[in-house]
Amino acid sequence: MQIQIEVVKKIVAEAGKLFQDREAAGHTKEKGVADYVTEVDFAVQQFIYGKLQELYPEVQFMGEEKSNDEIDRSGLVWVLDPVDGTTNLIHDYRNSAVSLALVDDQRIVMGIVYNPYSDEMFWAEEGRGAYRNGRQIRVSGAKEMGESLISIGTSPYHKVMAKENFPVYQSIFMDCQDIRRTGSTALDLANAACGRIEGYFERGLKLWDFAAGMLLVREAGGLVLDYQGADAGTGNVEDIVAGNGVIPRILTEKYLRGIG
């Protein structure tokens, strides 16, 4: 079976138009602490699922807004976050993305991240590099914290971690140029892949948050690690440190190792 990334990109871009439905974005349901879902999330997931099932019925589908108990992780699986940055969407903060990955026996072979507000499409295929709107992208060449912009994730679904996390943010802030908080893991990873930031880290993530972005970063020459400094996989990893070829190792060795 051959999956055409250009076809999949068109599906994702079409689904991104649903972000403009402000009425649907205002219909929310709380799943947990600071964890929301809107009618847009469901609409995007239903649209992409339907199109992919029609084209590739033999590929399994894992989505944030469904039960995934039936998934055989040793096979081919689509992994979708229909709206990465749902809280941003609710507030019309215009910093959300569709994140879609294809995983083959727990190896990410395709990743697409689309920001419909900026019309930026990021994609990568295993061994073929990473791209933004048709141009190949590379991670930043920064080698020191003092020349680095670092994006943080505050793990809003796990606010009990705040007492442990926020002193770390302060330490990193004192050593780097500045810090950012976007509210979208997928876009943070895409920004790292194209060299806009040197590092990003967050605890308590799910596979659909980072699968596509993980491939983007690695295909752009960067690193995606766990908090202990090992290469992150697609198994039970929830704490992610990503960025260029140098800064993630500094983050893990100086600030993050041992946390969690």
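A residue is called buried when its relative accessible area is under 20%, exposed when it is over 50%, and partly exposed in between, using a 1.4 Å probe and protein chains only. By that rule K9 is buried, because its relative accessible area is 10%.

The structure described here is a predicted model, in which local features need pLDDT of at least 70 and side-chain atom pairs count only at pLDDT 80 or more, while totals for chains, interfaces and linings use all residues. Residues are numbered from 1 along each chain as its sequence is written, and side-chain values use heavy atoms, leaving out hydrogens and water.

## The chain as a whole

Helices (H or I, at least four residues) and strands (E, at least two) are DSSP runs, numbered from the N terminus. The protein chain has eight helices and 14 strands. Its C-alpha atoms fill a box of roughly 50 × 40 × 35 Å along the principal axes. The radius of gyration is taken over C-alpha atoms, and the globule rule is 2.2 Å times the number of residues to the power 0.38. For 260 residues a compact globule would have a value near 18 Å, and the 17 Å of the protein chain agrees with this. Buried residues make up 55% of the 260 residues.

Contact means heavy atoms within 4.5 Å. Among contacts between residues at least 6 apart in sequence, 63% join residues at least 24 apart.

K9 lies in helix α1, residues 5–16. Apart from its neighbours within four places in sequence, K9 is in contact with I112, M121 and W123.

Strand β7 covers residues 120–125, and six of its six residues are buried, so the strand is largely enclosed by the rest of the structure. E120, F122 and A124 lie on one side of β7 and M121, W123 and E125 on the other, and all are buried, which leaves both faces covered.

Two strands pair if DSSP finds at least two bridges between them. Strand β6 (residues 107–115) pairs with β7 in the antiparallel sense over six bridges. Within this pairing, I112 has W123 of β7 as its bridge partner. The two strands form a hairpin with four residues between them, and D119 in the turn has a positive phi of about 55°.

Strand β8 (residues 130–132) also pairs with β7 in the antiparallel sense, over three bridges. Here A124 stands opposite A130 of β8. The hairpin of β7 and β8 has four residues between the strands, and G127 takes a positive phi near 80°.

## An open sheet and its helices

Five strands form an open sheet in the order β11-β10-β12-β14-β13, with mixed pairing. The edge strands, β11 (178–180) and β13 (223–225), each pair on one side only. Axes are lines fitted to C-alpha atoms, for helices over the stretch in contact, and angles run from 0 to 180 degrees between N-to-C directions. From one strand to the next the twist averages 20°.

Strands β10 (residues 149–152) and β12 (residues 199–202) run parallel and are joined by three bridges. S151 has Y200 in β12 as its bridge partner.

Helix α5 (residues 162–175) packs on the sheet, where it touches β10, β11 and β12, and its direction makes about 135° with that of β11. Helix α6 (residues 185–193) packs on the sheet as well, touching β10, β12 and β14 (240–243), with its direction at about 155° to that of β12.

The axes of α6 and helix α7 (residues 207–219) come within 8 Å and cross at roughly 0°. This makes α6 roughly parallel to α7, a label for angles under 35 degrees, with over 145 counted as roughly antiparallel, 65 to 115 as roughly perpendicular and the rest as oblique. Residues of α6 in the contact include T185, A186 and L189, and those of α7 include D209, F210 and G213.

Most residues other than glycine have a negative phi.
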